Amino acid sequence: MFAANIFMRDYVMTQGHQQLEQTSKRVLARSETLIQTAIDIFSVLPHYRVPVCDKSLQDRFRSMILRHPVLHDVGLIYNGEFMYCSSMQQSASFHPISAKAVGGVDHLSYVAVQDRDSEMRGLLVNWSIDDQVSIGGFILEDAFNLDDRQSDFSSSFELSVMLENGTMLVETTPKSRLLKRAPFATFHENPVLKDDLISHQEKSSRYPISVSASLPFQEAWAASSGAMNVINGFGVLSGALILIFFVRMALKKPDPHNTIEEGIRRREFIPYYQPIIDIQSGRLSGCEVLVRWRKEDGTILSPGHFIDLAEATGLARPMTTSLMEQVAQDLGGAYQGRHHLKVAINLFNRHFDNLKVVSEIEQCFGNSGVRFDQLVFEITERQPLENLDRARAIIMRMQKLGIRVALDDAGTGHGGFTYLQTLGMDIIKIDKLFVDAITGDSSQVPIVDSLSQMARGMNMVVVAEGVETEEQLAYLRRSGINEAQGYLFSPPLPASAYLQLVEALGGNAGKQVKKDAASDVSREDTGAMSAVKSA
Ligand code: C2E
Ligand code: CA
Ligand code: CA
């Protein structure tokens with residue numbers, strides 16, 4: 001039994017460590033992309049003398065964040081903390097919350113800041129022009145997405161992006177997560193011995209940054225359900241241990257049905273919004289709603305951790321309804337009068353079993369600021385639809401209201417061409433799998449070309465998912481794909497951050513961003529980007 005215990009300790013340590021390593025790598029890659037985006041922007045702006053703040057400079061700043069929404073704001077920075085001439089057309093004052101750090105690239109410095117007005121925190125990347133003035137890019141803390149997919153670690157993991165000099169840029173800790181949700185709550189520290197921490201650090205080879213992750217051993221132990229299988233391997237001898245383990249599990253893990261149901265009741269399932277960009281014009285065209293479970297302790301879980309369970313326990317429908325209600329509330333104000341913006345919502349295939357879904361949609365959005373013709377509903381091709389005729393009837397009902405319907409994950413699953421033809425889809429979403437296949441400027445990805453050709457022939461709009469690199473964007477643009485979403489532009493954002501983006505880029509109510517100007521922007525940017533690349 002003693003041996004079994006040691007073995008299990010080892011096993012849990014290795015498992016925990018592997019998870020930390022994966023997470024650190026993912027966060028590091030994301031952070032590098034964010035910093036690279038800022039650098040790309042600086043390289044194409046007049047950064048060797050202090051530029052005159054005129055309309056043309058402001059327009060350039062605006063066009064920059066239009067192309068790169070992961071940057072919340074770009075502008076000139078005076079004395080390291082006052083932003084003027086900004087893309088948001090209003091000045092901002094930042095309060096530094098870390099020491100300034102330099103390194104990696106000449107002229108560049110980084111500091112963690114908080115906007116004095118909005119109190120939003122993030123990273124300010126500065127390109128200094130002279131002693132007092134720099135160009136600054138403000139990246140919101142949320143863009144680092146530190147809380148994404150952390151469920152396996154329960155509530156006690158800590159994750160931080162740090163500079164080589166030890167300066168903390170952004171971090172997530174049990175305390176920060178609690179305070180984010182409940183600013184006035186009191187946090188009770190749980191003393192953890194240093195020896196009891198599993199930790200990992202991942203260093204960047206491109207910038208002077210690193211990502212550190214740690215997790216108390218006890219948490220890894222509690223989360224590691226795989227450990228059970230290991231104990232089973234020890235047969236009769238470990239019977240008692242198994243019993244103890246099961247009792248612990250039973251005490252720790254409440255009935256999943258109850259937790260999800262409780263979560264829905266408490267509005268813990270919240271919509272995140274991933275911007276979708278019209279890649280031909282450079283305009284913001286809307287967003288896709290992606291559900292997140294914001295647990296009581298502030299942990300944010302991605303759908304991979306609960307969506308199958310929700311479906312299996314019959315709670316997928318109430319979850320979707322709760323999301324639709326929140327979407328109507330979140331976007332109603334901003335979408336009213338900006339009729340070109342749309343919002344895409346994922347449905348489950350069981351939604352196409354009966355017409356109830358249509359009346360639910362009417363109820364949620366009928367009296368809201370979001371019009372039916374701004375709504376898109378996505379159906380995935382990954383799971384089969386039970387009855388195609390019934391689904392067709394439901395889709396037609398939706399389309400009668402002005403709603404559009406999209407085939408999600410196209411090319412990966414069951415329906416394929418049949419779905420497109422018989423169901424009468426309006427939009428086709430090319431799965432990330434195929435976008436990933438675009439690996440360089442010269443790559444040929446026939447499936448992307450043929451999907452887009454076919455869609456054009458059927459008068460459908462094509463959206464590419466999971467776009468992460470400039471090469472992919474260039475290829476998709478050349479193939480005539482209309483729209484795209486992906487980390488290159490922005491991760492899924494909480495409502496407040498998406499709404500700010502809409503305010504900045506979504507055109508004024510009634511008015512729209514001028515199309516000519518927008519395509520000028522993309523042309524200018526593409527040119528500029530290739531200049532950066534060849535430099
Ligand atoms: P999906 O509908 O294909 O959504 C796109 C997924 O790709 C999202 O994952 C999104 O965060 C992720 N993603 C977007 N851009 C990039 C990128 O550039 N790189 C990478 N690596 N990933 C990117 P997420 O939010 O974890 O959602 C996973 C899936 O869960 C969704 O896939 C969808 O099938 C399902 N889902 C999410 N929210 C809902 C919902 O409210 N209802 C239903 N029925 N399903 C949902
Ligand atoms: Ca989707
Ligand atoms: Ca998809």
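Helices α9 and α10 pack with their axes 9 Å apart and at an angle of about 25° (axes are lines fitted to C-alpha atoms, for helices over the stretch in contact, and angles run from 0 to 180 degrees between N-to-C directions). The two helices, α9 and α10, are therefore roughly parallel to each other, a term applied to angles under 35 degrees. The crossing of α9 past α10 is right-handed, that is, the near helix is turned clockwise from the far one by less than a right angle. Helices are DSSP runs of H or I with at least four residues, strands are runs of E with at least two, and both are numbered from the N terminus. The structure is a predicted model, in which local features need pLDDT of at least 70, side-chain atom pairs count only at pLDDT 80 or more, and totals for chains, interfaces and linings use all residues. Residues are numbered from 1 along each chain as its sequence is written, chains are lettered from A and ligands numbered from 1 in the order in which they are written, and side-chain values use heavy atoms, with hydrogens and water left out.

At the helix pair, Arg317, Thr321, Met324, Glu325, Val327 and Ala328 of α9 meet Lys356, Val357, Glu360, Ile361, Cys364 and Phe365 of α10, contact being heavy atoms within 4.5 Å. Within α10 (residues 356-365), the buried residues are Val357, Val358, Glu360, Ile361, Cys364 and Phe365 (buried, under 20% relative accessible area; exposed, over 50%; partly exposed, in between; 1.4 Å probe, protein chains only). Seen down the axis of α10, these residues fall within an arc of 160°, so they line one face of the helix; the arc is that of the directions from the helix axis to the C-beta atoms. The buried residues of α10 pack against α9 (316-335), β15 (342-346), β16 (375-380) and α11 (388-401).

Asn346 lies in β15 and Glu378 in β16, so the pair ties together parts that are 32 residues apart in sequence. Glu378 is buried, at a relative accessible area of 2%, whereas Asn346, at 25%, is partly exposed.

The calcium ion (ligand 3) lies 4.0 Å from the calcium ion (ligand 2), and Asp408 coordinates both. Asp409 in β17 (residues 404-410) and Glu465 in the loop between β19 (461-464) and α15 (470-478) are 56 residues apart. Asp409 counts as buried at 10% relative accessibility, and Glu465 counts as buried at 10%.

Conventions:
Donors are N, O and S atoms within 2.8 Å of the metal (3.2 Å for Na, K and Ca); water is not among the atoms, so sites may look incomplete. Angles under 35 degrees count as roughly parallel, over 145 as roughly antiparallel, 65 to 115 as roughly perpendicular and the rest as oblique.
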